[in-house]
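Here's a quick briefing to read alongside the model. Have a look at the structure first, then come back for the notes.

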Amino acid sequence: MNAGSADKPKSRFYFSNTLTPQDAFEENLEKCRKTVNDLTKDLSDKQAHDALSAAVSKGSQMHEEVCLGLLHIILTESNSAHNAFRDLNLVSRDSMVLIVNKLLQLISEKYIRLMDPVKTQIMWLTLKFVGSNIGGADAICHALLKQAAGGDLHATNIWLIESLLNLFMQNRSWLEKFPQLLSVVLYSYLRLIVDHTAGAYKSLRQKEVTFCVSILRERFLDCMPIGRDLVRLLQNVCKIPEIKSLWKDMLHKPQSLSSQFTGIGQLLSVRTSRKYLASRLTPDMENKIAFLTSKVKFGKQKWYLEWFQRQYLTSPESQSLRADLIRYICGVVHPSNEILSSDITQRWTLIGWLLSTCPNNVSAANAKLALFYDWLFYQVDTDNIMNIEPGILVMYHSLRNHFQLTATLLDFLCRSALEYFQQGQPSKDCVRNAFRIILSKKVVSSIMPIIDNQRMGQELKNLVRSTFPEFFQPVNGTSSGKIPDPPSGGKMDSESGIVSNLDGHSDSDPAEGMSDAKFSDTEDEADVQVNGEKGSVKLRDGKFRPIAVEKAGDEKDDDDDDDDDGDMVDFDELEKLDEDLREMVLKLHQDSNIGARCDTMESIVALVVSLNDFDDEMNSALATCLNNSMVEDYYQLCLPEKVTGRELQDSLEGPLYTLFAKLIHLPTHDIGRETIVKLLQEMKFREPKLGYHLLYYLMASEQDEENLSIYEEFIRTMKDFKSISASLLEDMKLCQTYDPRLFVFLAPPLYRKFSKDLVGHVEMLHLLVAIVDPLQLRELLHEVVLRDLVIFGEDNVYDVLKESLSWESYEQYNVWQLLCAEDPPVECFLNLLPLLKPSIHSEAISNILLLLKGTDLTPEIVSSLLCMDCPTSIKEKPKQLSTCLLRYWSFDYSKELAKIVCGHIEKNLSTCNRRRQLKGGNQNQPTMEQILVQLECFYELCQQQQNLDFFKQDIVKRSLEKVKQHCTNSVQQKFQLLFSVCEGQETKRRNNRMSKIIATQIAEAESSSESEEDEEPRKRPAKRKRKQSPDFDSDDSDE
């Protein structure tokens, strides 16, 4: 380590390393802290206070240094924070304005870098500010609330959410003094409730529900300014009982909430202010979105979008964030005219990406609703056209390459327009108004390519025509169906409303597009301007820089598409190629005809194979240029709608598949094949998506799973090869992200071909169950039942199920469906039973209940059930899995069950005699305490059903009596209800003993009367002392 890094002070605020530069904010606070230390060194509290008071009276500079020094102490030393806050409260001359501003700066710009102790102290100081009614405390709470991210279940984020909730609940009267903050808090927590459905967050979710319902019932008038998005959020959580009751009152008794509330239609007519939509994105997310929509050129956004997804949208719970992002982009990000007419990435591009990468149907439906929500209640006089512009442009620009997305969005819009109502009428009238304003402002030249396209299915055509029949009426005696095709890419000028291409040529006469309409909002709060001139979102230089790509020239051919910019080719790499090869690569890059591109790739392959000087440097350069020329090919969805042999063959058209064909058809001993392999390996190293495209080609070309051995050969010779399973997982992860249907198509043959690597592979299974839809699941189940597919394997069931316990409910449902189809032995998952918690593992428990219900009763199953945990409170025990199954088996197999249970009791009694611990032993062998707890739950259930036949069996009574004799008084008291079973048995045994004694006495009396001699009566023999067995307690040990 050099001297510079050794002398660098360690940060007390941020997570940092030797490469992290010193933060100016922290450095300033440390200097001020040193000033305070110098002033108060070796002084008593009173003397220190006098010294600080004297110092701040010298001027504003010293006042600032003292206040900031005390702030540093509060944030870094929890033990001294109380005294420091007392001094700060006494010496501050500006009512804490300076401290509030510094805290706002720290929270808004640096919160994600702060260490946990500093975050804790910020929350502590905020509580002090609220308790002291210090001005600006509401702004600090608002800033902290923005850092409570949606879709994030990390411990630090959950802590922040719960801490703020406790603050607002404990200081409710203070919160109600700030109606704007109150409404933002309600909006935020209604949104966060959706993320906290798992059992681990049950208590937090209940607090959130109670808090939100309380605010809505008591302060509904303050909540009404939220507008229509309040209804959207309530709709997401309306199945919760408390909110369901509130929802009914809003529908049927609106006056009970507020005398000024007339019904839900009143809320739906109010467009939600951008301050609410922006409150659900952290400042860091806002900066990234602002950068993408102001700095990144169209066609270069994919790197940033992939990075954004890796940071914010990778986990299953984070998918709820997509709706927040879309609402933010539509309602908050309103670009300037300059950006709208430039080649900067437009809003519809980001929204299209968010929609096309949704991993499941739930998040996709929520994302579509977020996009079209303003359409469903659009009012021409109050709503903003910029809120609906992204929706029409996503459908318009997806027509050529992503028609399925357009069809899906149009179908959703039509169905929603019929399902939602505004002022008693279907929302299709509002959607019709939205289409009309879009046409009048010339956001697009025509909507007919969207609503009347030849590629649409007949069902969708009928739905659109029945929903919007007026758009299909003839105009001036001619049909309105003839509409020009949409441009490949276009930008909309926010004043003229004309869609124009990047070369500046308008698609319509400029005179037709002149309009006085303004697209900016009329709200008081500042717009989020993404051109860097004004607004609450600030772009910080050095934080999110664009990837530098050199351009070959200043202009491009007017015939090129927007997504085929010349700078997509790396011209430094192009110069390293042979002249003929360079010309072919440029031709491949510029040509748009698929057949011509395939022919060009054929020529490139032939030339490469013939070159004698094709070295590693040229190989690397060619791989880079080919990847850049085939960006669209990599992102293209591979699998056709109908998976037939002919359709699969037709889908294998493209330069990438031409290259794969050479790999397959060239003989293995051909030198040219080795060259092609090296080229493909270099291309895959630079563009990993090539891997799953290769898998698809190998399966679709000849539909022979043996072809997959070529993939194995190809992967094994790569320089970064680790293992087949790792390579497959890497490729299939990308496939799941970019082409989910293809993932499900490839999964069965991969499981069969690479069974040693994939069967029982937890991550591979997780990828599969996360995206499979019901139809695909049915097809997989058929293959598993027919034994054409094995996913788990008997040796891996326990490990896979253990890992799956933390997955989403839908994923666990799919896991158990596949497991049941595979029909593994029950013993494979018996070890899982002791791990299950009723409050958080309901999916596994429900499925195991059904599985075990249909199996034969065995000692191993009963043993595992008795090992399961039960609540410690006898009175509050719910019906457990073990209790339910024991009761079910007692109906038809009462004697067999009693024999098994009593056998376990006998084993424990013998174990107790050998001085073993009650709670130790084998994991699969229940302890005595576990047996008693389970039997007590079983007994309570039998009592409720008024059927105690199982416990009336002699074998059960005898076993319980033995347990009672060996246990301590505390155990007898704890299980008093259970031991009441053997009271009748004990009374019977006592009566039998007394009868024997009386009979013996009578026999002795008769014997003595017959005797002629008066002998001394014989003494009764002493009773043999019974050997005591050691007692046990539920808490005893080996002592």
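Predicted model: local features only at pLDDT ≥ 70, side-chain atom pairs only at ≥ 80, totals over all residues.

The protein chain has a mean pLDDT of 79, with 81% of its residues at 70 or more.

**Confidence along the chain**

- Helix α11 (residues 179-193) gets the highest confidence, with a mean of 95, while strand β4 (residues 499-500) gets the lowest, with a mean of 32.
- Residues 1-6 have pLDDT below 50, and the model gives this stretch three contacts beyond near neighbours in sequence.
- Residues 475-568 stay under 50 as well, yet the model has 188 contacts for them beyond four places in sequence.

**Ser92 and its loop**

- Ser92 sits in the loop that links α5 (81-91) to α6 (97-110).
- Is Ser92 buried or exposed? Its relative accessible area is 14%, and the cut-off for buried is under 20%, so Ser92 counts as buried.
- The Ser92 side chain makes a polar contact with the side chain of Asp94, at 3.0 Å.
- That Ser92 side chain also reaches the backbone nitrogen of Met96, at 3.2 Å.
- Once neighbours within four places in sequence are set aside, Ser92 is in contact with His63 and Cys67.

**Helix α20**

- Why call α20 (residues 321-331) largely enclosed by the rest of the structure? Because 11 of its 11 residues are buried.

**Helix α23**

- How does the end-to-end distance of α23 (residues 361-376) fit its length? At 1.5 Å a residue its 16 residues should span 22 Å, and the end C-alpha atoms are 21 Å apart, so the two agree.
- α23 has a kink of about 40°, centred on Ala370.
- Ala370 is itself one of the buried residues of α23.
- α23 is mostly covered, with 12 of its 16 residues buried; among them are Ser363, Lys368, Phe372, Tyr373, Asp374 and Trp375.
- At the start of α23, a side-chain oxygen of Asn360 comes to within 3.3 Å of the backbone nitrogen of Val362.

Technical notes. Residues numbered from 1 in each chain as written. Heavy atoms only, no water. pLDDT = per-residue confidence, 0-100. Helix = DSSP H or I, 4+ residues; strand = E, 2+ residues; numbered from the N terminus. Contact = heavy atoms within 4.5 Å. Buried < 20%, exposed > 50% of the residue type's maximum accessible area, 1.4 Å probe, protein only. Polar contact = N/O pair within 3.5 Å; in protein donor to acceptor, adjacent residues only side chain to side chain. Expected span 1.5 Å × (residues − 1). Bend = angle between axes of the 7 residues up to and from the residue.
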